[in-house]
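Here are my notes for you before you start setting anything up. Have the model open while you read.

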Amino acid sequence: MSPPVPPVVPTVHLVGAGPGDAGLLTRRGEELLRAAEVVLADALVGPGVLALANPAAEIVTRTHSPADAPGARETNQRALIARMIAEAQAGRRVVRLKGGDPSIFGRGTEEADALLAAGVPVEVVPGVTAAIAASGLSGIPLTHRDRAGAVCFVTGHDAGRRRERIDWRALAAFPGTRVFYMGRRRLGRIAASLTEHGLDPATPAAVVSQAATPRQRTVCGTVGTIAAECDAVALPGPAILLVGAAATAPGARGWWERRPLAGRTVACVGSEGTAAPRDALRSKGADSVEVTLLRIEPEPGRTPAEAQALLSEADWVAFTSKNGVTHFLEDVPDSRGLAGVKLAAVGPSTAEALRDYRVRADLVPEEFHAEALADALAPHVKGRRVLWPTCPEAKPTLADRLTAAGAAVRRVHVYRQEPATALPADAAALLDAGRLDWALIASGNLARTFAELTERSPGRERLQVAAISENVAAACRDAGLPVAAVAAEATWDGLVEAVCEAEATG
Ligand code: SAH
């Protein structure tokens, strides 16, 4: 008999998550995250990165706070290493996510050594470290042909402390850019130590706060002024301090903070199943939250035979929502039943839902609302039968206009909308804290529910509302929500454009 084969312990991956924005995660990092069963993340890892993890994975986030009892960090760190070892030995795929790069002030090496000592194989996946992100996104170079021929990364953590081991003389004389990590609360100490050791207080200095997030801000000054300038605007951490002749104000190179929605937080108010424009908002510089205020429930009542009968009694089927498409076509037993009818869709996402069933819309109006659909259909439906699969909450406009145009309209309710009774907790917290800048509102029903649920929040005053169409704008105003922007094209992307324009014109 051969000896028992020892179980294979899977490799633990120490993955650099980058500085915040998910776009700066490596492809290898993303691949591992998607396959992970357990993700152990540092406090600095961006939410967009965590969102890429396998939905079935267990995600453990760890936060240090200045209020931690002395020694808590060490206890946490030991517990975390023990957990990684135990999970790997149990055969689970573990990704340890570290902010930035694991080996830059990240204790990645200590973790790797502890895992290896326990017989757990380890691989490190590099990440974009905060200094590199801060430089690229602020437009302040780390090296420069004439002004900085070297760069060094320094921990500012111990500046001014008793156990400080920083060679200030060497740093003051350093022929390039000094980059300080962990120094936000010690800017004054760092600047004073540099000048005490001979650095000219007029040397350029810059601080990049919350790099690679929608809240990134850069403050520029000199070694003599930088601490006071950051304090004057209460610049928050985490932040990177750059000191040297190349660390001057970036001017036109500072693109990240000049994106149209930089620093804004936008709520996308929609119904269940709508795909909010997260990526579009992110690329414009905004943070977003999804506020789902209408749950979609199927309306019972049609057998496949009944659905087929409805189709055989129609010349046109008019769809005014994605839900109308899915909840009706689910009941249709055979797609060939659609062969004899023409199909109209109110807009691109409704047409897209039809394409999922491999059928093409015969008609999509130029503007994407019920009135425009009615106008576009009117010339085709005189004396014809139009089937309209919708919900009880939809206004009768489409049916009224088509009837006036000479059609026989049959309205069937294939789903209904259940309004939420509270805002989702994350959105409510942002709103109450006055941190929600915009709400994008996609329908009149959503406007009414949103108005009701936010009525008493102190953050309502400063919140600006963007409506997807003039009709929805009117519904917003009726519900007591002043409208600051209306989409020219009634889509989520149109809403994002409208908000950008409103911000640009102030
Ligand atoms: N391993 C990380 C650094 C961890 S030390 C990396 O490679 O980036 C934590 C320090 O990193 C913070 O105090 C701050 O100085 C810096 N930092 C991390 N994320 C940052 C961000 N998004 N913007 C600015 N500085 C950041």
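1. Ground rules. This is a predicted model, so to speak of local features pLDDT has to be at least 70, side-chain atom pairs count only at pLDDT 80 or more, and totals for chains, interfaces and linings use all residues. Residues are numbered from 1 along each chain as its sequence is written, and side-chain values use heavy atoms, with hydrogens and water left out.

2. Overall picture. The C-alpha atoms fill a box of roughly 90 × 80 × 45 Å along the principal axes. I get 18 helices and 20 strands, where helices (H or I, at least four residues) and strands (E, at least two) are DSSP runs numbered from the N terminus. Of the 506 residues, 48% are buried (under 20% relative accessible area; exposed is over 50%, partly exposed in between, with a 1.4 Å probe and protein chains only).

3. Ligand shell. There are 17 residues around the ligand, and Ile-104, Thr-129, Met-182, Ala-211 and Ala-239 come nearest (the cut-off is a heavy atom within 4 Å). By class, the shell has 12 nonpolar, 4 polar and 1 charged residues; Ala, Val, Leu, Ile, Met, Phe, Trp, Tyr, Cys and Pro count as nonpolar, Asp, Glu, Lys and Arg as charged, and the others, Gly among them, as polar. Domain 1 (12-127) and domain 2 (131-258) each give at least three residues to the shell, with bounds from an automatic or database domain assignment.

4. Polar backbone atoms of Gly-99 and Ile-104 each sit by a ligand nitrogen, at 2.9 Å for Gly-99 and 2.7 Å for Ile-104. Thr-129 uses a polar side-chain atom, 2.6 Å from a ligand oxygen. The protein buries 90% of the 540 Å² that the ligand exposes when taken alone (Shrake-Rupley, 1.4 Å probe).

5. Largest nonpolar core. What is in it? It has 46 residues, and those with the most contacts inside it include Val-269, Leu-281, Phe-450 and Cys-476. Such a core is a set of buried Ala, Val, Leu, Ile, Met, Phe, Trp, Tyr and Cys residues joined through side-chain atoms within 4.5 Å. Among the elements supplying at least two residues each are strand S12 (287-298), helix H16 (444-454) and helix H18 (492-504). H18 gives the most, with 7 residues.

6. Ala-173 belongs to helix H6 (residues 168-173). Is Ala-173 buried or exposed? Ala-173 counts as exposed because its relative accessibility is 60%. Its C-alpha atom is 20 Å from that of Asp-158, 15 residues away along the chain.

Notes: A polar contact is a pair of N or O atoms within 3.5 Å; within protein, one must be able to donate a hydrogen and the other to accept it, and residues adjacent in sequence count only if both atoms are side-chain atoms.
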